[in-house]
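Here is a short report for someone meeting this structure for the first time. Keep the sequence and the 3D view at hand while reading.

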Amino acid sequence: MASTIDYGNLMHRAMRGLIQQVLTNVQKDGLPGQHHFFITFDTMHPDVEIADWLSDRYPGEMTVVIQHWFDNLDVTNEGFTITLNFGDNPETLYIPYDAIKTFVDPSVEFGLRFETQDEDDDAEDADVAEAPMDVMVEPDDNDAPKEAEVVSLDQFRK
């Protein structure tokens, strides 16, 4: 039994579950209102599937926009497949949730950012492959637009 609760990885799983639920709803009902997403992901993640010309053009990370035109959205427990238009060239991408670096819905000033630890961390931290994470939360006050607050979860880590 572990001697501590791994809150960092628990939060990552929960936030990736949130992304899965949002995309599942979009798959079923389409994008509601003015909602749209900017999703930045690691193009070198071993499970990412994108055209060679896209990985050549974006060798580290890539941001896709899900807004006006997308097709064939298929959401699974591990990731999602989507066809997007790149200069009148439809391309199908598979993005596993583990490859996502940021998920932003600017229409409601909501965003998640996932970060990985440096590879030179001690062996004890090596199995915590994904930490820390910042969560941007917009206060629930519709009277006036406000800046999103970034809450760093590092302060809660041991």
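Helices (H or I, at least four residues) and strands (E, at least two) are DSSP runs, numbered from the N terminus. By that count, helix α1 covers residues 7–29, and Y7 belongs to it.

**Overview**

This is a predicted model. Mean pLDDT for the protein is 79, and 72% of its residues reach 70 or more. One stretch calls for caution: over residues 117–152, pLDDT stays under 50. The model has 64 contacts beyond four places in sequence for that stretch.

The protein has three helices and nine strands. From the N terminus on, their order is α-β-α-β-β-β-β-β-β-α-β-β. Of the 158 residues in the protein, 35% are buried. What share of the contacts between residues at least 6 apart in sequence join residues at least 24 apart? The share is 50%.

**Helix α1**

Does the span of α1 agree or disagree with its 23 residues? At 1.5 Å a residue, α1 should span 33 Å. Its end C-alpha atoms are 33 Å apart, so the two values agree.

Which residues of α1 are buried? They are G8, N9, H12, M15, R16, I19, Q20, L23 and V26. An α-helix has 3.6 residues a turn, so residues three or four places apart point the same way.

Y7 is another matter. Y7 counts as exposed because its relative accessibility is 52%, and the cut-off for exposed is over 50%. Y7 also forms a nonpolar surface patch with I5 and L10. Together the three have about 320 Å² of accessible area. At the other end, G30 follows α1 and has a positive phi, near 80°.

**Salt bridges**

Side chains of opposite charge can pair when their charged atoms come close. How many salt bridges does the structure hold? It holds two.

In one, D98 pairs with R16, with the closest N and O atoms 4.0 Å apart. This pair links distant parts of the chain, 82 residues apart. D98 sits in the loop between β5 (90–96) and β6 (100–105), while R16 is in helix α1.

In the other, E61 pairs with K101, and the closest N and O atoms are 3.1 Å apart. Here too the pair links distant parts of the chain, 40 residues apart. E61 is in strand β2 (residues 61–66), and K101 is in strand β6.

| Residue | Relative accessibility | Class |
|---|---|---|
| D98 | D98: 48% | partly exposed |
| R16 | R16: 8% | buried |
| E61 | E61: 42% | partly exposed |
| K101 | K101: 29% | partly exposed |

R16 counts as buried because its 8% falls under the 20% cut-off.

**Positive phi angles**

N72 is not a glycine, yet its phi is positive, about 55°. N72 lies in strand β3 (residues 71–75). D88 also has a positive phi, near 65°, and is a residue other than glycine. Where is D88 placed? D88 is in the loop between β4 (79–85) and β5. Is D88 buried or exposed? D88 counts as exposed, because its relative accessibility is 70%.

Definitions and conventions:
Residues numbered from 1 in each chain as written. Heavy atoms only, no water. Patch = residues over 30% accessible without salt bridge, like charges linked within 9 Å, V, L, I, M, F, W, Y side chains within 5 Å. Areas by Shrake-Rupley, 256 points an atom, 1.4 Å probe, with all protein chains shown as cover. Salt bridge = Lys/Arg side-chain N within 4 Å of Asp/Glu carboxyl O. Buried < 20%, exposed > 50% of the residue type's maximum accessible area, 1.4 Å probe, protein only. pLDDT = per-residue confidence, 0-100. Contact = heavy atoms within 4.5 Å. Expected span 1.5 Å × (residues − 1).
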